[in-house]
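Hi,

Here is the structure for you to look over. My notes on its strands follow below.

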Amino acid sequence: MSSNLEQDILSRRTFAIISHPDAGKTTITEKLLYFGGAIRDAGTVKAKKTGKFATSDWMEIEKQRGISVTSSVMQFDYNGRRVNILDTPGHSDFSEDTYRTLMAVDSAVMVVDAAKGIEAQTLKLFKVCRMRGIPIFTFINKLDRQGKEPLELMEELEEVLGIESYAMNWPIGMGKEFLGIYDRYNKRIEQFRTEEEERFLPIDENGELAVEHEMKKTSYYTQAMEDIMLLNEAGNDFSAERVTRGELTPVFFGSALTNFGVQTFLETYLNFAPTPQPRLTEDEQIVDPLDKDFSGFVFKIQANMNPAHRDRIAFVRIVSGEFERGMNMTLSRTNKSFKVTQSTQFLADDRETVDKAVAGDIIGLYDTGNYQIGDTVVGGKKTFQFERLPQFTPELFMKVTAKNVMKSKHFHKGILQLVQEGAIQYYKTLHTEEVILGAVGQLQFEVFEHRMKAEYNVDVRMEPMGSKIARWIQNEGDVKESMTGPRSMLVHDRYENLVFLFENEFAMRWFQDKNENIELYSLL
Ligand code: G4P
């Protein structure tokens, strides 16, 4: 491998931002793009969460500003690094794709609203990151507003998420009295709302503000110093290694809206964010990013909701080597080779084609129905399969039938393909074999219905079953059909495994009390 290519690969930093809606993900991403020179103006974006099938807030930004920012993958250069930010759709766009995106990154940034603390969606996404053991960096946002006490927030991180934390900086005041942050890592104080030349104040060897300054007389400064002393004495030590293993999250405070603390965060983050990481194959072989042959895997398939474009895009995370347009690739599952003439870097109104990309980058391949989620593509002679992507426990269920029974063949073909592609999960009732679909977000059902009509010409009838708790069974042999009931429905998944769909937590506990010998488990 040429040393240029090696340098290119090692310059990549690929991450996703995880947060609950409204914590400030869009705002912080916009500031990051601004620092990276990808957009010209970092003014406030009133991100509109409209547009049923808008893939993300970015399309809205593009429309509003007439600028070209990417929608699913955003890329910029900063301090010699090439940063790839992957969008994790939330709100009504939340789906299994959101989870799978986390399979394609090397680290994650968790944005938390200082007033709200850890919220439901953050917790779900965090768990997936934790399972992968990737580094997680925390940005506590909206310090320009009154929020929870910083120590309380740190405690919440440890208690709710069960991850140890290290405060890289600490707020001095909050809300109307927000004076700045005490930057423990860079050993300086960064002032809020001040002239650029006064932005940074030095701290001395005792950790005190080294210059005479009004701030020193305030109770907020005194409080911050007391907190920091406590952190120094009783808090966790910083350890870059533990950050890398995902055991310790570095915590940053700031205010994305006023663009405060974001640049410091970005610079510090880039010092610790991992380079593209190796991946395991199904045979437990390690594929190193610096291996000379191209390889990658499909983590998301985006069907175009615009009837003018019937195509789909398969998003590929490059694991090793280099991609060049026109190159030959093999799809490992089918062992078929093909020449990649059309590739796209992202999905937006006007797509940009990519000629070259390296390990760590994401490319979109035009798909006419060839790819499935989890597929491996390789450039060299040797084919292999990367480890299977996990299946996620669905929470929402629908009974589905074809409106026209004559269309039953198309109906089953459509479902089979969409299930294989990873758009939705398939279950069926015992004996009667009624089709039940499972999803983690409502959008998945809407996409399903739309695509059945558009691609398979089948009108479907969807009957909501609401949310259920799905549990697989360790000792299937001990399950009796008499255990099934309206509150604990027994179904088969697509691999013919038995699954209980419980009405709620209460129903599940009641079942477990009655049937102590049945060992239930959930997927991720
Ligand atoms: P999201 O992508 O995570 O959903 O959040 P987004 O960036 O859209 O931010 C949600 C709201 O929070 C926005 O207000 C945004 O301006 C505001 N916000 C983001 N960062 C900060 C911050 O540091 N401080 C303060 N005070 N506000 C912040 P909005 O679009 O006006 O909507 P809303 O306030 O009417 O809900």
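**What turned up**

Four bridges connect β24 (residues 425-429) and β25 (residues 435-439), and the two strands run antiparallel. Keep in mind throughout that this is a predicted model.

Start with that pair. β24 and β25 make a hairpin, with five residues between them. Look at histidine 431 in the turn: its phi is positive, about 60 degrees.

As background, the strands of a sheet pair through backbone hydrogen bonds, and the pairing is either parallel or antiparallel.

Now move to the other sheet on my list. It is open and has four strands, in the order β7-β8-β9-β10, with antiparallel pairing. Which strands are at the edges? They are β7 (169-172) and β10 (200-202), and each of them pairs on one side only. From one strand to the next, the twist averages 25 degrees.

Within this sheet, β9 (residues 188-191) is joined to β10 by three bridges. These two strands run antiparallel. Isoleucine 189 sits opposite leucine 201 in β10.

Helix α7 (residues 219-234) lies across β7 and β8 (180-183). The helix runs at about 155 degrees to β7. So that you can find the spot: β7 is one of the two edge strands described above.

Best wishes

Definitions and conventions: Residues are numbered from 1 along each chain as its sequence is written. This is a predicted model: local features need pLDDT of at least 70, side-chain atom pairs count only at pLDDT 80 or more; totals for chains, interfaces and linings use all residues. Two strands pair if DSSP finds at least two bridges between them. Axes are lines fitted to C-alpha atoms, for helices over the stretch in contact, and angles run from 0 to 180 degrees between N-to-C directions. Two residues are in contact if their C-beta atoms, placed from the backbone, lie within 7 Å.
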